Amino acid sequence: MTTTVHAESTDEWARSITDNFISLSVTPAGARFQGTLDAAGLGEGITITRVENTPAVVSRTREGAVADACDDVLILTPLHGALTVTQADIRHRVTPGMASVHVAEQPYALTFDEPGEVLVLQAPRRFAPAVTLSARARLAALARPRPLVAGCRAFLQEALAVSDRLTRTETESIRHSAVSLALAVLADTAADQPAPDLSAVALRAQAYIRGHLGDPDLSPARVAAHFHVSLRYLQLAFQRLDTAPAHYIRTIRLEHARHLLREAGEDRLSTAAIAAAVGYEEGTFYRAYKTTYGCTPGEHRQRRDRLDSVGSGVA
């Protein structure tokens, strides 16, 4: 569901974006201020937000970061107009086709010296735990237009436009795609850092794994071969995420299976089809699912169906 907010004063705007986004302060750069925000929540803390405002300085202060204790990762790309990003005591101009990456626990300022419109993808840091680049490195990495940024922007614009018409299954699909795109953008920026770069390999591997969940031969060895690194190097890269490649593959497969099991309607997949969709043989899938979630896939679906029946008033 899309939330729309309109404000005609900086005080009202600061309250609105703090309530619907993260804690930010706003300083006007002209006599009259106007701002509009459209936000679509995709679940699991992932949000697409379009922000349009007249000239102003929007700041994430240290006090604001402490106040809401948010450590989300935000990828911001201009749609119209340009802005100046100030982070880690350096300033950089960001224009359409470029982007800036922010971790909400760190202060930054966005200076709009002309009317501007930006698109923001916000996600909990757990979706990109390897985002440990310094603010200086993140700015340098996104200091030029990138094809991946343009592709991500186009996808997010369309997703926001249709968000009110999506089914639950479609919303989950959009969410997974948004996360994969974000990981690809972050990996693209990390690739600009001096080698060897374990973070770049980890981020690219995450995106690759999410895109190949249905491959029954997906394994740490295959991922390592795809990126032309040794298995040991891949394992070291995933240590940056406090996990291991095999554990990550298993976790993402089962999380996706759980989402598919929540589908309702006549066109929902059978548990056998879901097993295949996440790269498992049916028997292995049942055992892995029960070990992780304490119930079989069929039991999970039955519980979900009962909850849906109660919620809809069906006896």
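Is Arg60 buried or exposed? Select Arg60 and you'll find that it counts as buried, at 1% relative accessibility (buried is under 20% relative accessible area, exposed over 50%, partly exposed in between, with a 1.4 Å probe and protein chains only).

A quick word on what you're looking at: this is a predicted model, where local features need pLDDT of at least 70, side-chain atom pairs count only at pLDDT 80 or more, and totals for chains, interfaces and linings use all residues. Residues are numbered from 1 along each chain as its sequence is written, and side-chain values use heavy atoms, with hydrogens and water left out.

Asp68 is partly exposed, at 30% relative accessibility.

Next, pick Arg175 and Glu44, whose side chains meet in a salt bridge at 3.5 Å, N to O. Arg175 sits in helix 5 (residues 168-190) and Glu44 in the loop between strand 3 (35-43) and strand 4 (46-53), so this pair ties together parts 131 residues apart in sequence (helices, H or I with at least four residues, and strands, E with at least two, are DSSP runs numbered from the N terminus). Arg175 is buried at 6% relative accessible area, while Glu44 is partly exposed at 32%.

Then jump to Arg222 and Asp215, a salt bridge with its closest N and O atoms 3.1 Å apart.

Definitions and conventions
A salt bridge is a side-chain nitrogen of Lys or Arg within 4 Å of a carboxyl oxygen of Asp or Glu.
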